[in-house]
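These are my notebook entries on a structure that I went through entry by entry. I wrote down what I looked up and how each term is meant.

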Amino acid sequence: MPQISQLAATYASQIFWMLVFFGFIFFVIGRGMVPKVMATVEARDKQIADDLAAADAARAAAAAEEEAWRQAENARRAEAQALIAKAKADAAAAGEKRLAAAGSVVDSRLAEADARIAAARANALGEIETVASEAASAIVARVAGLSIDAKAAGAAVKEALHG
Amino acid sequence: MAAEQGKVDPMHQFTIEPLFGTDHWSIAGYSIPFTNSALWMALTAGVLLLFVAGGMKRELVPGRWQMAVEGFTGFIDNLLAANIGPAGKKYVPYIFSLFMFILFANVLGLLPLMLVGVHPFTPTSHFTVTGVLAIMSFAIVLIVGFARHGLHFFSLFVPHGTPWWLLWLIPIIELISFLVRPFSLALRLFVAMMAGHVLLEVLSSFVIGSANSGPLWGSIVGIPSFLLMIAICALELLVAGIQAYVFALLTSLYLNDAENLH
């Protein structure tokens with residue numbers, strides 16, 4: 001077994017070269033290169049985590065924006081509906097006012113017309129009385145040969161006409 | 001050489017030989033020739049360097065190679081996070097180095113490079129190598145444990161819920177099991193790797209020996225042995241990964257003791 005039979009002759013060489021090459025591996029590879037490899041892995045993991053977080057934040061922002069848009073949209077729709085209702089009410093009120101104005105004009109014209117009719121009738125009645133009293137005095141003059149004055153004839157006609 | 005005598009010596013593959021005439025190299029009286037073992041450690045380090053460097057493009061959308069490297073670092077990171085918690089992050093470089101060195105050394109030692117005339121060598125099949133790794137892990141556990149908890153670290157030897165009348169025994173058992181850790185770490189890896197290589201070598205000697213003694217023995221013994229070798233090669237690839245994982249896992253469990261006590 002060379003491991004034992006050569007022990008005395010080779011142990012120093014074995015230990016020395018082992019320390020040399022393991023030292024090289026430890027200091028150059030283990031201390032020098034491995035941390036860089038692991039830093040790369042960490043940087044990648046961090047980037048992935050950051051990207052995921054950014055995507056999550058963007059999604060949350062989009063959701064919030066959509067919610068805000070929906071609220072604004074709802075508010076605008078309510079506003080528009082209020083405007084429509086107000087316009088409808090305004091239009092109805094204006095219509096009523098114009099109707100009322102037109103009604104009052106019509107009423108006043110009716111009253112005026114009524115008054116004219118009443119005046120015309122009174123006029124006509126007056127003329128009828130005059131005509132009737134003249135006719136009555138003429139009739140009296142022809143039939144009875146009496147001449148009566150207009151006042152008496154008028155009074156008699158008035159009495160006959162109005163009872 | 002054993003092979004020249006018509007036999008395959010299953011232990012020969014573990015022989016350490018100085019290379020490139022560096023036999024005389026020494027520091028402070030200790031001879032440190034650049035051996036085949038050191039060469040394969042260097043190859044392991046080089047291949048690992050290439051592998052990790054290929055994953056350093058640092059692209060946001062990783063390619064296949066980068067995914068593979070990030071898979072390994074992420075695997076070690078998860079292992080430490082699961083066993084130690086957030087405090088485990090700082091041990092990633094060490095556990096990664098440990099796991100990847102053992103894994104690459106194990107797998108490189110299994111490669112059929114003999115086909116191109118290169119004799120693969122598995123440094124992790126030597127307890128002088130695995131021992132260094134185990135002692136490093138154990139030393140880190142001790143240093144971290146005493147630095148974080150001071151003498152309170154000794155409460156590790158008194159698990160929660162120990163009955164008072166067992167207080168004289170449990171700490172001794174816990175102390176022994178604690179002190180055995182570096183040995184179990186080192187021996188487990190070394191034995192697993194050596195056993196697998198010896199098994200493959202023995203089976204290959206069956207194939208060669210039976211084929212040399214004629215078509216009859218070749219078909220009766222050689223072919224089943226060869227089929228078994230194929231299966232055991234797959235098993236050894238699995239063992240190469242599992243042993244690296246076990247070493248890293250146990251080290252992280254021991255570090256958990258040091259970080260969080262019980």
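**Entry: Asp23(B)**

I began with Asp23(B), which I found in the segment before strand 1 (26-27) of chain B; helices (H or I, at least four residues) and strands (E, at least two) are DSSP runs, numbered from the N terminus. When I left aside the neighbours within four places in sequence, Asp23(B) was in contact with Pro18(B) and Pro33(B), where contact means heavy atoms within 4.5 Å. I also looked up Asn36(B), which is 13 residues from Asp23(B) along the chain, and the C-alpha atoms of the two are separated by 12 Å.

**Entry: how the model is to be read**

I noted that this is a predicted model, in which local features need pLDDT of at least 70 and side-chain atom pairs count only at pLDDT 80 or more, while totals for chains, interfaces and linings use all residues. Residues are numbered from 1 along each chain as its sequence is written, chains are lettered from A and ligands numbered from 1 in the order in which they are written, and side-chain values use heavy atoms, with hydrogens and water left out.

**Entry: chain B as a whole**

I then turned to chain B, whose secondary structure comes to 6 helices and 2 strands, and along the sequence these follow the pattern β-β-α-α-α-α-α-α. The C-alpha atoms of chain B fill a box of roughly 70 × 55 × 45 Å, taken along the principal axes.

How much of chain B counts as buried? I found 44% of its 262 residues in that class, where buried means under 20% relative accessible area, exposed over 50%, and partly exposed in between (1.4 Å probe, protein chains only). Among the contacts in chain B with a separation of 6 or more, 67% are made by residues 24 or more positions apart.

The accessible surface of chain B comes to about 13200 Å², and 74% of this belongs to carbon and sulfur atoms; such areas come from the Shrake-Rupley method with a 1.4 Å probe, and for residues only the protein chains shown count as cover.

**Entry: Thr35(B)**

I looked next at Thr35(B), which sits in the loop between strand 2 and helix 1 (36-54) of chain B. Is Thr35(B) buried or exposed? Thr35(B) counts as buried because its relative accessibility is 1%. Apart from neighbours within four places in sequence, the contacts of Thr35(B) include Ser13(A) and Gln14(A) in one chain, and Ile16(B), Glu17(B), Pro18(B) and Leu19(B) in the other.

**Entry: a nonpolar patch**

I found a nonpolar surface patch of about 360 Å², made by Tyr11(A), Ile15(A), Leu19(A) and Tyr30(B). Patches are made of residues with over 30% relative accessible area and no salt bridge, with like charges joined within 9 Å and nonpolar side chains (Val, Leu, Ile, Met, Phe, Trp, Tyr) within 5 Å. The largest share of the patch, 3 residues, comes from helix 2 (residues 7-144) of chain A. Tyr30(B) lies in strand 2 (residues 30-31) of chain B, and Tyr30(B) counts as partly exposed because its relative accessibility is 46%.

**Entry: salt bridges**

A salt bridge is a side-chain nitrogen of Lys or Arg within 4 Å of a carboxyl oxygen of Asp or Glu, and by this rule I noted 13 of them over all chains.

I looked up Arg44(A) and Glu70(B), which form a salt bridge with their closest N and O atoms 2.9 Å apart. This pair crosses between chains, from Arg44(A) in helix 2 of chain A to Glu70(B) in helix 2 of chain B, and both residues are buried.

Lys46(A) and Asp50(A) also meet in a salt bridge (3.0 Å, N to O), and both lie in helix 2 of chain A, 4 residues apart, about one turn of the helix. Lys46(A) is exposed, with a relative accessible area of 52%, whereas Asp50(A) is partly exposed at 39%.

Which parts of the chain does the pair of Arg181(B) and Asp257(B) link? Their salt bridge has its closest N and O atoms 2.7 Å apart, and the pair links distant parts of the chain, with Arg181(B) in helix 5 (residues 170-212) and Asp257(B) in helix 6 (residues 215-260) of chain B, 76 residues apart. Arg181(B) counts as buried at 14% relative accessibility, and Asp257(B) is buried with a relative accessible area of 11%.
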